[in-house]
Amino acid sequence: MLKKIKAFRHRLIQYKQRGKVHSDLDVLLATAKENRQLEDKLQWLVMVLQWIRYEGSVDSHLEKETGRLPVTRLRFFLLVLDRNPNWKKDVAVILRTVVREVSGLELFTETGLPKELGLWSEMVDRFMMKVLPTPPLDHELGYLFWALFPDKDDPLWLASIDNVTFDKLVELFYYEVGSEEQDWNRLGADLEDALVYLVIQVRAIGLAPAIRYRLDKPSFRDSAFFSLVRGLEEFLNSYHSGDKTQTLEKASRFRMIVWECRQELAQVHKHLDEYGVSIDLVFQMMRLRTYLQRIDSLLEILLTERVDSKKVTSFLSKLVEENQDLRSITSLFSQNISLFARKVVERAAETGEHYITRTKEEYRHMLQAAGGGGAITAITVYVKVGILSLGLSGFAEGFLASLNYALSFVAIHLAGFTLGTKQPAMTAPALAEKMQDVDSTQGMENLVSEIVHLIRSQVASILGNVLFVVPTVIFIDTVFFLLFGNHLMGEAKAHSAYQSVDILGPVLIHASFTGILLWLSSIFAGWGDNWFALNSLRKTLSRSPGLRAVFGKRGARNIAVFLEKNMSGLLGNISLGLLLGMVPEIMKFIGLPLDVRHVTLSSGTLAGALPVLGTEFLKTWEFWRAVVGIFFIGAFNVGVSFGMALLVAIKARGINPPQRRAIRKAVVGRFFSSPLSFFLPVGASIEKKSSQDQGH
């Protein structure tokens, strides 16, 4: 019999390709009675759905667009059965057999719901579903459901089934029920079991430490998650007693508990800033939201005295959509990473706020801080020159360069100075945080003003870095020359320095690559801050017996507070040093000639080479091509790191494309109306005062 089914399925595909499927319904219905085994019946149902879904020759373009064609074909299918009682009885027997022999528990508790306990195991499970052969259809009802409704348009036409068609479909299940089939409908009992199963799952997840610690509850018994099981038991007892009034009362009480669970879940989301966020925690929160929604849907169906077509079709449509989504690895990744990314970039945004200047005084302070950063970078330049002169292996050279960069960047951070190219990746999340109110005129104006402040801050920081690193490098070389009679840099190295930033070379590729590394360092910074909060390290370190024994209680507390305030900056600067020093060496090892070009470091290197080459070198094209190269290095360092950080931030915050276009248009309009404000603090104090007045 199975061979006949496969042969018919093959013929059905051939007819489908020739546009002759319409004439094959009678052949399909004629084979219904021949299906003896459960697997044959399930395969037959799959072919019926293929016939209903078929869109080979569509006369109505409107029906194809709105997804009503399958509904039309379903009506025709039921009409043919009404005219052929024998076929109708055979189909009804198949439907009742499937409902009786394939448990509906999996349909309600697994179809469309995450199966694994963690994100990575769930991702592996979805990957294995894609690569392994499909299990037999009777293995699990979820696989049958996928086989019946694999098309992305299935939820649309299922939801559009009208009441009359749905009632006829329900009647088909009950058509000429024999005495041996009286107990065929197990869906009601399976639905109750599914509620019990899901409530137990929700209670276990909701009372887990990762969720419970983020709730303001003195005891876990006070949590709504703890009350779920008792609430369901009371409802089911009333439901089985037949007392409708008490059943509705207990159902209302149970729904209130489910609502309270959602409120507690929202409270957990608010506390993610304080306690930190992990990917596994985000996954468990997603599971809880999905399970609570499924519980609500099942309860709604159970309370309905008569089968409600709209409720059932809406539930089935949602079930199909969730089941299709369940097989998507991309969907799982985006759903869980988005919240984690948002919280990480929000922590970067808190740091980024310190890098945005809004008044003339703040602009002046930024120039001074950038000047200090440039002065320290001058020392970094000559330490790097000394490392290169040692002739070490690539790994050793990269390691020492990383150590040099990391110590330099940490010193700049601890001294309260700034490195201009680090700012874009930090300020972009701070900017995205202000994009929520761009639909209003005032919100758009405030955002554009913030963008102007940000760009002006970038100009000030890079300008301060370059203007101070150049004279400091020349001063150090001059002192060394007066003391020892030699320059710190050799002539070959000096020429090589100018060639490395020549605008006619690959400098733009290297500058863009450096921008990517700058952005990655900001991700490490946000992750480090989140990790510190997630593990409650401030409390742990302040109460550490080891730290208290060495530094005392106050010393241990001061260390914990210092690390809490500076973890983001320390980890961001150390990671940036490692990336700038080691990644180029790794790239060379694997055969990719990618190098780093950092505007402040490159400017300092060129300044150190200038005394070696003499003033006559200023008249050469090689010098001016290098100057142009420095300008573009700064632009690409800032542009790439800022662009990537902003893209991640706005995606994590859900800023849609029309809003992005409106923002770009508003920024261009502001530039043409007041271009100088993008570079100098013209009217900055006035803007500050205006925003303060609006706040009052």
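Reply: Asp502 is a buried residue, because its relative accessibility is 11% and buried means under 20% relative accessible area, with exposed over 50% and partly exposed in between (1.4 Å probe, protein chains only). The model is predicted, so local features need pLDDT of at least 70 and side-chain atom pairs count only at pLDDT 80 or more, while totals for chains, interfaces and linings use all residues. Residues are numbered from 1 along each chain as its sequence is written, and side-chain values use heavy atoms, with hydrogens and water left out.

Asp502 has a salt-bridge partner, Arg625, and their closest N and O atoms are 2.9 Å apart. A salt bridge here is a side-chain nitrogen of Lys or Arg within 4 Å of a carboxyl oxygen of Asp or Glu. This one links distant parts of the chain, 123 residues apart: Asp502 is in the loop between α24 (491-500) and α25 (507-534), and Arg625 is in helix α29 (residues 621-653). Helices are DSSP runs of H or I with at least four residues, strands are runs of E with at least two, and both are numbered from the N terminus.

Next come the aromatic residues. The whole structure has 13 aromatic pairs. One of them is Phe623 with Trp624, an edge-to-face pair with 5.0 Å from centre to centre and 80 degrees between the planes. Rings of Phe, Tyr and Trp (its six-membered ring) pair if their centres lie within 6.5 Å; planes under 30 degrees apart are stacked, those over 60 are edge-to-face, and the rest are tilted. Phe623 is buried, with a relative accessible area of 12%, whereas Trp624 is partly exposed at 46%. Both residues belong to one aromatic cluster, together with Tyr498 and Phe617.

Arg255 and Asp296 meet through their side chains at 3.9 Å, N to O. Arg255 is in helix α15 (residues 244-270) and Asp296 in helix α17 (residues 279-303), so this pair ties together parts that are 41 residues apart in sequence. Asp595 and Arg597 also form a salt bridge, at 3.4 Å from N to O. In that pair Asp595 is partly exposed, at 24% relative accessibility, and Arg597 is buried, at 12%.
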